[in-house]
Each structure stands twice: as structure tokens, then as C-alpha cells.
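We will go stop by stop.

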Amino acid sequence: MTTKSLCFFVGFALFCMLSATHTCAQQRASGKITGKVIDAQNKQALGFATVSVITGEGSGRQLVDGSITAENGTFTLPAMEGTYTLVVEFIGYEPLELPGMTISREKSTLNLGDVSLTSSAENLDEVVVQGEKNLMELSLDKRIFNVGKDLANAGGTATDILMNLPSINVDPEGNVRLRGSENVRILIDGKPSGLVSFKGSSGLQQLPANLIESVEVITNPSARYEAEGMAGVINIVLKKENSQGFNGSFEGITGSPLNLGFAANLNYRKNKINWFVNYGFVYRHTPREGFLRQDVFSADTSFYTEQFTEGFVNSRNNNVRAGLDYFLSETSVLTGSYLLRRSDAHRITDIRYEDYDVSRNLDSYFQRQQNEVENEPNSEISVSYSKSFEQAGHKLVAAVTNLDYWENSDQRYTEFAFRPDGTPIPSRNLLQTSINDEFERQWLLQLDYTKPVFKEGNFETGIRSSFRDMENDFIVSEQNESGEMIPLPGLEDVFLYDEDIHAAYAILGNKSQKLSYQGGLRAENTHVKTTLVLANDINPRQYTNLFPSAHVTYNISPDDAMQVSYSRRIRRPFYGDLSPFVTFSDARNFWSGNPDLEPEFTDAYEVGHIKYMDKGSIFSTVYFRNTQDKIEKIRTVDEDGFSMTLPQNLLSERAYGAEFTSDYNATDWWKMDLNLNVFYAQIDGSNIMEAYKRDTYSWFARYTTRFSLPNTLDIQLRTNYEGRQRVAQGTRKALYYADLSGSKDVFNGRGTLVLNIMDIFNTRRTRMIFEGPGFITESDVLPRRRQINLSLNYRIKQSKTAKKSDILGAD
């Protein structure tokens, strides 16, 4: 961290803190509402509960004022003449709404006496009735998916969860796309994570699904969010129990192919302290298979190659997360958390190459095996401080996060050559090794300040600094005729990636009757330096960009609203995009980064509409994305049939799309939801080759139906279809698959047994066609076969629906 950056951060923090102590003069209220919040069961006072005064109904509800109860549970809120609803909330308790709170000249003080809250976690001495969250909570600017209610996620990973969500597609390799774009920012608990640093979104396969509470999808983020991610932001929220007393849940998993797992989620909450611990362990055997055929031709020669791949990965993943919330006072909270992950994997991949002459006669074949041992420990530490001021919504939040990640990969490759009749060709045999050590260290500092302004407006501002250092020590060696292991030219070096990003933002919003609006501006300064140590190749880059955003919402009625939004986004070439090292698991098909890659910029526009009905809701959006310097992987093949794939900048892409999401409760026992996304894009890659200028269109559909049968038996079926899509250099063929799940409550409601079958018909395959100068390549890969999981979840305590008679205390 540079001295200049540190001074900037500290100076801005002091400015915000000093500003926070100054409040605008406000007209004195004509009355007040007082009371005391207590536990309905033991009558103890509940300090630090949130009490809010609300006016209006439905989507027209407005916050008038709010506060936090004193340590003895008492509160006093000013209120002018009128009729209000009082909302009382406290962590671990059912929220309470008290309508009809009237302040008049005749009765300017309203004393409610004891206001009783019922704990949302009682001892299970009886059969429990569980309050159920909706699977999908829709709003115009963000969609929240409570993934624990989705039966298809049982026994899976974070990747499986994303695969089951509307707007999101996950290819069989684990790469995540949002509305058809791979340029999406993935956060965990609102922060970057080591899981998606080196391996991209495929690293999410190491995170068990049973540690995840919800997923937030934001397709057109405001200036509050970092500008990274052209298609938007996906935020994975981990579980953090906060119910009063001691609570816990345990889950065991078994499956075929082998999938053994265990998870525990524990918390203890009393008075000012809440601590939580999550642990997850998974051992998996993941088989894969694939096929590739390639024609290579030139003016004077041509040949044909087929490639067959089979292999498996045996992996062990451990995840431990612990944290503590400490309420320093009735207005300030200090939170700390520590996350430790370790992944150990053993990968075996067998590849058979068959080479044919121009007459399609077998000329020779080769057997190659990759044997890899991989270790990945990483840790994350986060500390945050939150300060609430007297005025409701007036808040200051500061956070510091440290990330430390390390990966070691030790690989051995053997390759044997044979004539068509099986006779060995010893002179063409190979023995190669690859040793790869990768490190990442990152500091993230963030300060956010929010203050209500005007009558119903809001002002937000903040700063964020990220300091990231990454290192890749890479060497590939080959055995020579004397038996010595000699480094291959160009495949031995140390690659350094240093990235500093400093950002500041401001957002101003207001509301006038049915119309609400906000505008924001974010400035980001980026400094990236890549270094090849042995080659002494240094490539520094620095640029500053502005990212405006605007959102306008019109509430047609309490159940009907529209929104128009705009944001400017960026995709920076990251470590994997820039690293020049070549993958070596496949001796004929190589992948590499591109040190000359430039960032891509996108202007994103959306018009959205949401309609709530008695039995469901409909969410629809039309969108347009205009991208300059689009980054896309381009494949080239040399005259020997060896391919190289690396990212390159195309000129542009213009994408138009429409998305529809609906959930419908047909009856008390039948629920369904549908997501449909259609889009059209114009890709211009003529800077590379005129043939890479083309139009493309595709569509995605996902349908889920769930039946709640007698005796707590639930059955769920999900079907998915991704249409054929043209890309700059070829075609991605259609992909389709179906999942089936069933659950049954056991142990008098304390436990749930879930059977889940993912990809019932083994059809979730990646099928591609690439065309370029002198070659045509077609591939068909099934990286993960049908998975059957059986899981058992057991709860020590569990939420239950509060009885109305338990909520209201005596006046």
C-alpha cells in the first residue's frame, strides 16, 4: 500500500466520521411513541432491538424515523401528528408490526408499555411448524434466492446452486455465465474470494452447498458496487446463524459417483455477543470423458485426428468459518470472521490420439497420461465496524479484509507412441513434468457512509482500496536421451501480477410520490504491473475511469412497478488472462493468457417490470449491452495440428435481450417457476479475421415444478435447455438436462432426508465446433456424469411460526 493511497483513505475516513457527527436541524415532532421491548417467554429486556416508524402501505411504505432500544429495552421515537405502523425487529426473533399507532393533539404521547417479541428458535419439545422463506424474492434492482429451500441443491456445491438459478448458466467445466456473458463478478459475503482468483468461477466447486444461505443476483449494479463485471454481480451469502441461545444443524451426505460429506452450522447468541461456526468436509470421485475430432488442411496436404479422453479427480475439501458479533453499544457493532479452506486433489487423465492420413487410414496412435497432485490452502480474515446514528438510516460502516491463497500443482506426463498394428515406437515416447506454485495476497479496505436527506431522499458515499499481489512459479521439463530432465524453452519463469485499485463513489436518491430515482458516479484508478522475472519482461499499465449509474422506479400500484436503469461496467484482464504460461495436460491442445490484452468496457441499459399477484409474481426485463474491446478466446491450429487458445480483444459486441421470470402457486401443494431468456448479439472480430464478424442469437429456459404431498413428502423436477449459439469462431451446440429431487421430514420435524438425482439422462455435455484458417475442430465433453446424492439434515433447534397471542404484550 503506497503512502499516498493510505493518506487518501485515512483522510476520507476522517471526513466521513466528522460529517457523521453533524445532523441537519429538523423540525421538532409534535409527539412521541415510547415503550419497552421484552422477550415474550422470559420477560427479559431486549437491548439493541430496531424500532421503526412507518407510514403508508404496500410498496408505498415510507420510513419516518427509527432507533435502537437502550440496553434496558426502552425506546422513545418522535412523531408528528398522524397514524403510523410500528415495526420492531431483533436478531433471532420474529419481526412484529403494530398498525394503527395514532398521534394527535389530544394524545401527543403514546406509551405502548411492554412490547413482546417471540424467539424464532425454541426448544423442540413438540412438533415444529416451520416458517418458510420464499425460494425467490424479486425486486427490480436485485433478486434474492434462498437456496436452502431448493431440493436440487442437497449434497451439491456452490456451482450446482448457481446452475439452478434463473439468469445464470454454468457450463460443464464450471464456468459461470450471467445472461449469456462470462464477464460476471462473483463475490462471497460481498467480498472477493480466493476460490475465484486463480481458477475463475470453476473454483466454486470446492464450496459445499450446505454452507450457503442465499444468492443475490444484480444485473445492473449501482455505483455502490465495484465496476468489475460486465453482466453484473453474483453475491453468495454464507450461513450465519444468529438465533438466541444455542442452535445448530448437522448434515451428512453420500452419493454415487462417490460423494461423502459432512457439515455443521452452530451458533450461540446471548445479550451482546453472537458467535457462529460452520464446518464442511467433502470427499468426491468425479469421472469425466470427452471426444475431439479435427481436420487440418492446406494447399498441399491434409490430415485428420481423433482424440479420446477419460479421467477422474479424487478431491478432499475442508471449509472452516468462525465469527463473532459484539454489540459495543446500542448503536455500534464490531464483527470479525475467519475462514480457512483446504483442497487436496489427485487427477488422472488418459488421452488417446489417433492420427489418420489423407485417405483416413490410421497412421499412428499415442497414449498419454496426466498424473497430478494438487494442494490448495487459503484463508480469509475480515473485521468490520458499524455505527448507527440517531436519525434512522444514518450509518457508517468500515471493513478490512485480508486474503491469503496458495496452490501447489505437481504433474507428471507419460506418452507412448504406437504404429497402427500396436508396435511401439520408442523414439517418440515422452516423459515430462510440470511444477507450478501460485500465491495470492490481498488487502481490501472499505468505508461506506449513508445519510437520509430531503424528505425521503438518501445520500451514500464511500471509498474502497484493493491491494493484490500474485505470483506463479512455473517450470515444465522433459527427459532427454540421457535420462536428464531438461526445462523446455519458454516454459520456465516466474510471473508476477501486482494490482492496486482505488475507488470512490457517491449516490444521491430521492422520492416524489410514486416516482423514486437515484444517480451515482464511481471513479476507479487501476494500476497493474505484470513481470516475467527471468525474461526481464515488465508490463505496467495505469488508467482511471468514471462509471456512472442511474435508476428510476415508478410504482404503478403497491403490487406493480417499473424501473429504467443504466450503468457503465469494466472487465479488466485478470491474472489468468495475462499469464503467458501454457497448460500442458493435453500435448496437442494448449491454453495460455495474453500479456497484451486490454480491458473491455460496457454500457448496460435495462427496462424492468414486476407484478405481484395473489398466487405468484412476474418479472420481465429487456436489456441492451454495448461492449467495446470484447475479450473472447480464439483458437489457432498450426500445420502439425497443434492448437493454441488464448484470449484476444475483438472490436465490439452489441447484445439485445429479454428475460422473463415467474413463480406461481397453483395450489397449496403445487408450486412452479419459469425462467426464459432470449438474446441477439452482433459480434465484430474483424480486427482478427473478417470471418469473425457475425450475428448470433440463442435462448435459455428453465422450468421447476414442486409438489408438497401428505406426510411431509416433497418432490421437485427441474428441466433446463440452452439453445445453440454462434460465437466469434464457431458454434456452441444446444445443452439440455433434467434433475429430480425428493425430501421427507423425519425425527418429528427435527430432520430432513433428501434424495437428489442431477442430470438424469447424462445429457449435460459441452459440444463445440471451431472453424479457422486451415482447420475445423469438433468436441464433445462430459466433465461430470449423472450424480445421485442422499443427504440427512438434523437440527438441534429450528425456527417456528410465532403465535399471535405470544407476540403482543400488555399495554
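Start with five residues: Tyr566, Tyr605, Phe624, Tyr656 and Tyr680. Together they form one aromatic cluster. Keep in mind that this is a predicted model.

**Inside the cluster**

The structure holds 20 aromatic pairs. Planes under 30 degrees apart count as stacked.

Tyr605 lies in strand E29, residues 600-613. Phe624 lies in strand E30, residues 616-628.

Tyr605 has 40% relative accessibility, so it counts as partly exposed.

**Two tryptophans**

Next, select Trp669 and Trp670. They also form a stacked aromatic pair. Look for 6.3 Å from centre to centre and 20 degrees between the planes. Trp669, at 44% relative accessibility, counts as partly exposed. Trp670 counts as partly exposed as well, at 27%.

**Charges over rings**

Move to Arg360 and Tyr304. The charged end of Arg360 sits over the Tyr304 ring, 3.9 Å from the ring's centre.

Then select Arg764 and Tyr737. Where does the charged end of Arg764 sit? Over the ring of Tyr737, at 5.1 Å from its centre.

**A sheet of three strands**

For the last stop, switch to a cartoon view. Select strands E4, E1 and E7. They make an open sheet in the order E4-E1-E7, and the pairing is mixed. Which strands are at the edges? They are E4, residues 74-79, and E7, residues 109-117. Each of these edge strands pairs on one side only. Look along the sheet to see the twist, which averages 20 degrees from one strand to the next.

Zoom in on E1, residues 31-39, beside E4. These two strands run antiparallel in their pairing, over six bridges. To see a bridge up close, pick Lys32 and then find Pro78 in E4, its bridge partner.

Notes
Residues are numbered from 1 along each chain as its sequence is written. This is a predicted model: local features need pLDDT of at least 70, side-chain atom pairs count only at pLDDT 80 or more; totals for chains, interfaces and linings use all residues. Side-chain values use heavy atoms; hydrogens and water are left out. Two strands pair if DSSP finds at least two bridges between them. Helices (H or I, at least four residues) and strands (E, at least two) are DSSP runs, numbered from the N terminus. Axes are lines fitted to C-alpha atoms, for helices over the stretch in contact, and angles run from 0 to 180 degrees between N-to-C directions. Rings of Phe, Tyr and Trp (its six-membered ring) pair if their centres lie within 6.5 Å; planes under 30 degrees apart count as stacked, over 60 as edge-to-face and the rest as tilted. Buried means under 20% relative accessible area, exposed over 50%, partly exposed in between (1.4 Å probe, protein chains only). A charge sits over a ring if NZ of Lys or CZ of Arg is within 6 Å of the ring centre and within 35 degrees of the ring normal.
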